[in-house]
Amino acid sequence: MDQILEGLPVYMMIGIVVVIGISQFNRILGAVLSVIFWIAVAIVGNHGYDQGHSIGLPDFPFPRVVFLGICLMFGGFHATAGWVSWRRKQIAQARKQLEDEEG
């Protein structure tokens with residue numbers, strides 16, 4: 001676990017790039033993966049804080065509450081974005097169905 005904690009910032013950057021890439025092809029899947037990603041980062045990071053580590057920017061460690069707040073904020077943002085994308089898709093399908101019935 002210590003090795004994961006030491007490399008957490010790198011793993012976070014890789015995860016962010018992967019989620020952004022997937023989101024470009026499928027917004028809903030990207031949002032789901034992003035929420036899972038941020039939950040995992042919060043769990044691992046919280047465990048790191050329990051062991052005396054800190055997470056943050058170089059020379060600026062975040063307090064635990066700030067780190068967990070950032071994870072919650074990004075997870076919530078992506079959950080909302082996924083829900084909005086899913087809802088738009090439903091509305092577009094309903095419109096298409098109405099147009100097909102009328103046409």
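In this predicted model, the largest nonpolar core comprises 14 residues, of which Met-12, Phe-37, Trp-38, Val-41, Phe-67 and Cys-71 touch the most other members. Two or more residues are contributed to this core by each of helix H2 (8-25), helix H3 (27-50) and helix H4 (64-102), and the largest share, 6 residues, is drawn from H3. In soluble globular proteins, nonpolar side chains tend to be buried together.

Aromatic pairs, of which the structure holds 4, include one formed by Trp-38 and Phe-74, whose ring centres lie 5.0 Å apart with the planes at 20°, so that the pair is classed as stacked, the planes being under 30 degrees apart. Trp-38 is buried, its relative accessible area being 7%, whereas Phe-74, at 33% relative accessibility, counts as partly exposed.

A further pair is formed by Tyr-49 and Phe-67, whose ring centres are 5.7 Å apart and whose planes meet at 45°, so this pair is tilted. Here too distant parts of the chain are linked, Tyr-49 lying in helix H3 and Phe-67 in helix H4, 18 residues apart. Tyr-49 is buried, with a relative accessible area of 11%, and Phe-67 is likewise buried, with a value of 3%. Finally, ring pairs link Phe-37, Trp-38 and Phe-74 into a cluster.

Note on methods:
Residues are numbered from 1 along each chain as its sequence is written. This is a predicted model: local features need pLDDT of at least 70, side-chain atom pairs count only at pLDDT 80 or more; totals for chains, interfaces and linings use all residues. Side-chain values use heavy atoms; hydrogens and water are left out. A nonpolar core is a set of buried Ala, Val, Leu, Ile, Met, Phe, Trp, Tyr and Cys residues joined through side-chain atoms within 4.5 Å. Buried means under 20% relative accessible area, exposed over 50%, partly exposed in between (1.4 Å probe, protein chains only). Helices (H or I, at least four residues) and strands (E, at least two) are DSSP runs, numbered from the N terminus. Rings of Phe, Tyr and Trp (its six-membered ring) pair if their centres lie within 6.5 Å; planes under 30 degrees apart count as stacked, over 60 as edge-to-face and the rest as tilted.
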